[in-house]
Each structure stands twice: as C-alpha cells, then as structure tokens.
Protein chains: 2
Amino acid sequence: MSEWTLSRRAARMNPSVLRELLKLTERPGIISFAGGLPSPQTFPVTAFAHACQSVLERDGPLALQYAASEGFTPLREWVAHHLPWSVDPAQVLITTGSQQGLDLVGKVLIDTGSRVLVETPTYLGALQAFAPMEPEIHSVSSDEEGLLPDGMATHANAARFLYVLPNFQNPTGRTLSESRREALVQTCQSLNLPLVEDNPYGDLWFEKPPPAPLAARHPEGVIYLGSFSKVLAPGLRLGYVVAPKTVYPKLLQAKQAADLHSPSFNQRMVYEVLKDGFLEQHVPSIRALYRHQCTVMLDALAQAMEGLDVSWNSPDGGMFLWARLPEGMDAVDLLPRAIEKGVAFVPGAAFFANEVDSRALRLSFVTASEDQIRVGIQALAQTIRETQKEMAAC
Amino acid sequence: MSEWTLSRRAARMNPSVLRELLKLTERPGIISFAGGLPSPQTFPVTAFAHACQSVLERDGPLALQYAASEGFTPLREWVAHHLPWSVDPAQVLITTGSQQGLDLVGKVLIDTGSRVLVETPTYLGALQAFAPMEPEIHSVSSDEEGLLPDGMATHANAARFLYVLPNFQNPTGRTLSESRREALVQTCQSLNLPLVEDNPYGDLWFEKPPPAPLAARHPEGVIYLGSFSKVLAPGLRLGYVVAPKTVYPKLLQAKQAADLHSPSFNQRMVYEVLKDGFLEQHVPSIRALYRHQCTVMLDALAQAMEGLDVSWNSPDGGMFLWARLPEGMDAVDLLPRAIEKGVAFVPGAAFFANEVDSRALRLSFVTASEDQIRVGIQALAQTIRETQKEMAAC
C-alpha cells in the first residue's frame, strides 16, 4: 500500500477542455473549428530539412549537447533585433513554447492567494499555467476594442500583474486598439501594476500590422512573451520571454529548474532557418492564407446563420473568431449535438476565469480547409436551428 | 515606475552553482571535471541526420504540429516495453528532459511546507526543481552502499515522498545495493511513504547491470523518471515519467500547463532512431568509453594524490566519482585556486540540502579527454598540495 497525497495546487488543475476536445476532433470525419492548430500547409518542411542537415553537419556535437539555460545566443540576438523597441539580447530567454513562459511568470510572480488580473475572456492555457501557483484571479471586462482599462482600478490593489493578449486575442480574435493601449499603459503606470503581454499571433495580421506592443511603450513595466509556433511550427516548441532586468534573473533560475534549457538542436535549427530573412517571404504567405480562410468562414456564417440570432466578429488577424448563440442557448450543451453532426468548436465558457458567457463560442478558421469550413458552418447552423426548435417545443 | 513584487518562492530559487560553473569552464584552457556533460563522441550524429530526413519526408506536417501532452504513442510504447517490469504505455508521460519530470512531481505532490525526504548528498537539480513549491527538505543519510533506510522513520511522518537516485548517483557515483533496495522498499511500504526514483544513468554500467529498479519491486508506490540524455543526446531534451494510475492524470495536467507537450519533432526523431534496436549496439560503446575514462581518472588520482589525505570512490557506472579533501580543507575555497591552475570541479556543498560536507567534491570523468584527465588531476593535486602548505604555514 502506498498513499499518494496530492498537493492542494493539484486540485486546482483541471483537465484542459481544449486538450480533451482535441481527442474528440481526432475522430474520423469531424470538421474541427476547435483546436488552435496552425495550418500544416504553412510549415516550411523543406527549409527545416535543409536546416537539420546543416546544423548536424556543421555543429552536430554542440547541437546535441547540454546548453545554456538562457538559450542559443544567435537566436536571442535575432529575437532582440526583430522586436520593434530597443531590446538587449541579455533580456531574452528562450522557452519551450511561449506556454512555458507563462509557467515561469507564474512561478516567479505568484504566491498562494496573490491577486492576478486577466482580461476576460482570456487564454485558457494562461489560467492553467497560473493555477498551480494558487492565485486569486480577477477578471477585467473587455469589449470589441479589447480590455477596458477603466474597470481596472477596483481590482488592481496589490495585484501582482495584469495578463493581456492584445493582438488577435485567443479566444476572441479581438485587437486592443491604439487608444486603449495608451490608456492601459498609463493606468498601469499610475496603479504601479506590472503587465504580462502575450503576443503569439501579432505577425498574423490581414490588412495592416496591429498597433505597437505594450512593452514598446513601457519596457520596464512589461514582461513580453513571443512564439515561433505560429510563424514557423508549433512542434518544435520554441518561444521566448523578454523581461526587465529586475525580473530576468529569477525567470532564468525558474527556467533552469523547469527543464535546464530548451532543446539546443531546435534552437539552432530555427536560427538556421531564420538567419537569412526567411520570414520576410514566409509570413506574408501565412497571412494571405489565413485572411482568405477567415473570409470564407465569415461568408459561410453570413449565409448559414441567416435568420438565426447568432452574432460574430470580424477579426483583423490571427486564427480565431468569437461567436454568440441565440438567447437561452448554452454552448457547452450545444457541443455534443454539434459533434454528432460532424463539427466541433470550443465553448466560450472555457475562457472565463470568473463569470461565464455561456452563449459564446470560439471558432478557428485556420485548420480546416475551405470546403470543410463551408460544410462545417452549415452543420453548426443546422445544429443551432434544431436546438432552437426543440427549445421552442419545450 | 513599475514595481515588480517577486513571489516568496522566487526567493528560494538560487542560481545554479553548476550552471554558473559551466560558464567558468567555457574559459579557454580550463579542463573541466565539473559539468555533467556526456561525451559528445557518443552522440549518434549520423543516425539523427537520417532520422530527421525520414521523419520530415514521411510525416513532416505531423512532426511539426501541436501534439498530445502525453507524448508520441510509439515512443511511449517503446519506453513501456523496454523497462524491466510490466508497464502500461498509458502510464508513460514524455517530458522535456527528466528535469521536467522533477518539476511536475514537485507541482503535483508538494504544498508549501510539505515534508520531502532526499538522500544526502543528492542531485542539485532536484532540489532546484522542488524549491519553487516551498517544501521542507529532510536529508536521509547514505554511505557507500547508498541511502540508509534505517534513518528514515524519524523523518517520514507525513512526508509526501522520498527522492532517490539509486544507480551511479549524481553526485556520488554510488549504487544502492540489492539488500538496501529490498530494505528501502519494505520500509517505504510500512511507512506508507511514496518513492520518486530517478534513473538517468542506469544504462551506463561498467561490468554488470545494477540491481532492478525500486519501481519494479513496488510499481504502485513509485514514480519513476528516465531520460534519453545519457544514451542518445541531452540537446533534444527528452525524458519520461512512469507513474501509478492514481497520480498520472495530475502529472499530465501539470505537463499540459507547463509546455503543452514536448517537441513532437524530437519525439518522432528519437523514436525513428530507437525503433530498430539502435541502442543495443550504441549503449555498449558508451559503457566501454566511460569505463575506460573512469579507469584513467582512478589511475591518475592514485598517482597524483600519493601522500595526500585525499580519498575517492570507484563507481560501477555512470559519469561521476566523489572525492574528499584532507581534513580542514574546504572544496568551495579550493575551487577558484583550482581554476587558476586550469581545472574545475563541483564542490560537494552544492548537493546537500541541510548539513554540508565541505571536504567533498564531485569529479566527472566523461567530458574531458584521457590526456586532459591526467593533466587536470595533476593540476588538482598540485592545488591541494599548495593549499595544504599554506594552511600548515598559518
């Protein structure tokens, strides 16, 4: 007999609704708008194949050896030089996906019971990364222009930080407007409230780049998280944190303790792909593809949802849009019915730390093909229509 | 102005002595016995180059996409089938190095103030991984045969687990004997004390394999950690956790939150290398090399330390041996003097959670070449001799 006593923090971890859904969506025949999977069409397989060979031939033993926890120096320099404000490479920490950046931020800034502010709705993975550190999460409202800085003062007292995802947000696809960014930074400065800015989607704009990052406006007050998952490929698990010099050493120590360093081979391989300006040709092709896919989904929605009290937004970039079901309809209840009809989405409820909007749902327009988008949205509309009829009959 | 309030847990993270030392050892001309770096000669660069090509050609998009948090199924099956007890692949969780396994175990089992037992001395990286969860660490004594189970009862009350590294331990190179293993498992069963068994070096035996793992004797009471870093290459950052079914789901949730999953590309690449029995030829060559290097170091020590009151052990495998300086000499003080003479080691003090043996030091025999070992041990002996003279003169 052995009794395993789990930590209190373990009780706060929940199975990822997203991850469990990914399993459902693996069922053959399901059209999935659920996962946040980049389109595999965009993965530069050939460039990676060449990079693997070059790295192994030239630097095999170094690429396969233990390496510095900070990350591969040329990659850190590349990151620093490509950010739109003055960043010292010494402030860049390479992480095992930007998800790990959230884990490290949580460890370094959150004590049991610490207050943490998040925009609402917010990235589920951030809530999951912070949960083991046992924070008290406060939700700050947002609208179509993103987070509402006015509502912050009531929550900000002694808060450790505000977590915000300003560009083509996950889950809503919303972009924090220029005026909101200015107001937010001013409010945070006056409240002495640090910011954690997550920017995995910023490069995926459709018509024009989003406004400058919050970190560019207030570098000392912001930890900035970036990722190679959406502009290259998520399967290499590489992201980065840019941190003020007062916080960096502790993030580095947390990184050492978490996994020693991110794979040296992957860091060198990604640098090999990036170093000669590959992204300048590559990212525009991702933008064009996602813009097109988004248009297809918006058109399909307009057609299929006709006459239904369903609303949705029109994002300026990224991978997601945010829809709202007719009054009285619950997205969690709708999901199994939709899956029966061959289509999956993520109920919005997954993305609220406190009060839930049960009518909301997240639709990804990047993983499914054009045809699948049309068929899937049709199936979703059909599900809603039938559900509404049943509700009316009750 | 932005004030960053760091967590209490952050104050418990210390810069890794090992990591800081690795920087010193990068100084040109230093012979390093400090790092735990496998010999780059053992990295199968060509096999990896072929594996990269096969994986990218055959499964490029899948290898570069997000994947299940549990890990790549064929790799989990491979792990389960190659362990010397009955393991269900569903119990195997692929981690970003076995260091991440320690981080996940800490999150899932440790609350602030929870008692955790470790053998002493113990792996520094485990102390660092557990530290952010704010445990109360209790040290259990060990001798040449490894941990002493007799001393455990006084510490075990309400302890969450005992962390132990039974094979060619880091830092001591010691192996837990068969009789101690039996006694330890019995003691843990009677005390209701779970075990966390770390086995990164078990395959690196010189003459004969070590006794069976603790997990093989008591699968329900042991979380077992393994690694590909020492039998393939550390730069890919792949390890695994085998956990009882009562604990596995929480470890998986912690894994999801920590980095979503370990790099899918690396998992497929490693599986590609392993699947046709590569290790059966490869690991014996690592064993032979390390056995030889160990012999070279032992011979060099016997010769160079003649007449000095310095002792050391003769490990049966792994990468390290454990030496002890003359009475009154402190390994931390000796280190800068040794570096001046061109040789580096890790002071034993780094590996004690509680009371320190300041005379102890860890010597790695796998990274330096034969000639470097001879020259480096000579330089170390010279440093000790001179220090002793100065001490006598005071």
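Which residues is V270(A) in contact with, leaving aside its neighbours within four places in sequence? I looked this up and found L75(A), F228(A), L232(A), L236(A) and L238(A); contact here asks for C-beta atoms, placed from the backbone, within 7 Å.

**Ground rules.** I am working with a predicted model, where local features need pLDDT of at least 70, side-chain atom pairs count only at pLDDT 80 or more, and totals for chains, interfaces and linings use all residues. Residues are numbered from 1 along each chain as its sequence is written, while chains are lettered from A and ligands numbered from 1 in the order in which they are written.

**Core.** I then asked for the largest nonpolar core and got one of 255 residues. Such a core is a set of buried Ala, Val, Leu, Ile, Met, Phe, Trp, Tyr and Cys residues joined through C-beta atoms within 7 Å. I noted that L251(A), V270(A), L251(B) and V270(B) have the most contacts inside it. For burial I used this scale: 20 or more other C-beta atoms within 10 Å is buried, 12 or fewer is exposed, and in between is partly exposed, with C-beta atoms placed from the backbone.

**Chain B against chain A.** I found 73 residues from chain B and 73 residues from chain A in the contact. On the chain B side, the elements giving two or more residues are α1 (8-11), α3 (45-64), α5 (97-109), α6 (124-130), α10 (248-259) and α11 (264-274). Of these, α3(B) gives the most, with 10 residues. Helices (H or I, at least four residues) and strands (E, at least two) are DSSP runs, numbered from the N terminus. I sorted the chain B side into 36 nonpolar, 25 polar and 12 charged residues. In that sorting Ala, Val, Leu, Ile, Met, Phe, Trp, Tyr, Cys and Pro are nonpolar, Asp, Glu, Lys and Arg are charged, and the others, Gly among them, are polar.

**Domains of chain A.** I read off domain 1 (8-43 + 280-393) and domain 2 (66-277), with bounds from an automatic or database domain assignment. Their C-alpha centres lie 25 Å apart. I see 33 residues of domain 1 in contact with 34 residues of domain 2. The largest share of the domain 1 side, 7 residues, comes from α12(A).

**Helix α8(B).** I checked the length of this helix, residues 178-191: at 1.5 Å a residue its 14 residues should span 20 Å, and the end C-alpha atoms are 20 Å apart, which agrees. The expected span is 1.5 Å times one less than the number of residues. I listed R181(B), L184(B) and C188(B) as its buried residues. They sit on the same side of α8(B), because they cover an arc of only 65 degrees around the axis, taken from the directions from the helix axis to the C-beta atoms. On the face turned away I found the exposed residues E178(B), S179(B) and S190(B). The cover over the buried residues includes β6 (146-147), β7 (161-164), β8 (195-198) and α9 (214-217) of chain B.

N192(B), which follows α8(B), has a positive phi near 60 degrees. In chain B I also noted E134(B), in the loop between α6 and β4, with phi near 60 degrees. E134(B) counts as partly exposed because 19 other C-beta atoms lie within 10 Å. I found a cis peptide bond joining T120(B) and P121(B), with omega about -5 degrees, and another from N170(A) to P171(A), with omega near 20 degrees.

Terms used. Two residues are in contact if their C-beta atoms, placed from the backbone, lie within 7 Å.
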